[in-house]
Amino acid sequence: MKIDIVDVSARDGLQNEPQAVRLSAQDKVDYIKLLMATGLKRIEAGSFVKPSAVPAMANSAQVGEDLKPLQAAYPQVTFSYLVPNERGLERARAIKAKEIAIFLGVSEEFARDNINAPSVEQSFADIAPVVGQALAAGIRVRGYLSTIFGYSDMAFSPDKVAQRAAQLLAMGCYEVSLGDTTGIGTADMTATLITALRDFGVPLSKVAMHFHDTFGRAIQNVAVSYEMGIRIFDASTGGLGGCPYAHSAKGNLAMGDLIHWARVNGIATPVTNPDMLEKAARFMLQKLGKTA
Ligand code: MG
């Protein structure tokens, strides 16, 4: 019994932390080194969206440059960079990224507001050639699908999510991470969604769940997902990007909660050194001035 974990704290986490704009590339690299020391092998390292849109990620190119020697020394570790378009892919290629992540949504409003596309359909059409170019360049592509449990303009639509997840895999993504953007998911909704994925023929081995703990239900949703065959989860060390009181896109599942859940259930994880997890979390929380 084993799960795989993608650490999203250095990207998804930090971009939702107001103080993160002050972090230097060196701070982030030091932090990522601590994450690697925990045993984690899949680490989101940065983002190539427009720096004006996400200022906390403006130094991602420098982070990528500085990680090159580490990447060479630890080929079993994957650093991933979020890429919104062709320009982002160029920047990822400049630092010789081995993996990128693209992001799409199921909700029309989300596509307009967060992806800058007139429709969901258009957002998929726009990203397809970027995925093609990445694959041709030997770069692996992970797909994020947001708003899986609904959004302000859209009720929970499991069949739509399954169809879009299949579309991302067909496009060439090796894995699709399903994001509970607003944190509204319940155990029942999670079970319904996974059934829909299975019925649609989406291989669960290629599905990761990205839960937000906005309403304190992330771990219950992890447990249901695991029972139904999901083996990959996204989590954020130190709970970075988490804000359990805001009804917003925040509230990343904390790595410590996920590791604790796995331990009590006898499930192995890539985190072989939990003490380092504490150290990594403390290091970054201190840098952000969030130390309790
Ligand atoms: Mg998140």
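## The magnesium site

Along the chain, the donors of the magnesium ion are spaced as D-x197-H-x1-H-x39-N. Donors here are N, O and S atoms within 2.8 Å of the metal (3.2 Å for Na, K and Ca), and water is not among the atoms, so sites may look incomplete. This is a predicted model, where local features need pLDDT of at least 70 and side-chain atom pairs count only at pLDDT 80 or more, while totals for chains, interfaces and linings use all residues. Residues are numbered from 1 along each chain as its sequence is written, and side-chain values use heavy atoms, with hydrogens and water left out.

Who holds the ion? Asp 12 (OD), His 210 (NE2), His 212 (NE2) and Asn 252 (OD1) coordinate the magnesium ion at 2.0 to 2.2 Å.

Asp 12 has 8% relative accessibility, so Asp 12 counts as buried. His 212 is buried too, at 6%. Buried means under 20% relative accessible area, exposed over 50%, and partly exposed in between (1.4 Å probe, protein chains only).

H9 packs against helix H10 (residues 255-264) at an angle of about 45 degrees, with their axes 10 Å apart. That makes H9 oblique to H10; angles under 35 degrees count as roughly parallel, over 145 as roughly antiparallel, 65 to 115 as roughly perpendicular and the rest as oblique.

From H9, Ile 219, Val 222, Ala 223 and Tyr 226 meet Asp 257, Leu 258 and Trp 261 of H10, where contact means heavy atoms within 4.5 Å.

Terms used:
Axes fitted to C-alpha atoms, helices over the stretch in contact; angles between N-to-C directions. Helix = DSSP H or I, 4+ residues; strand = E, 2+ residues; numbered from the N terminus.
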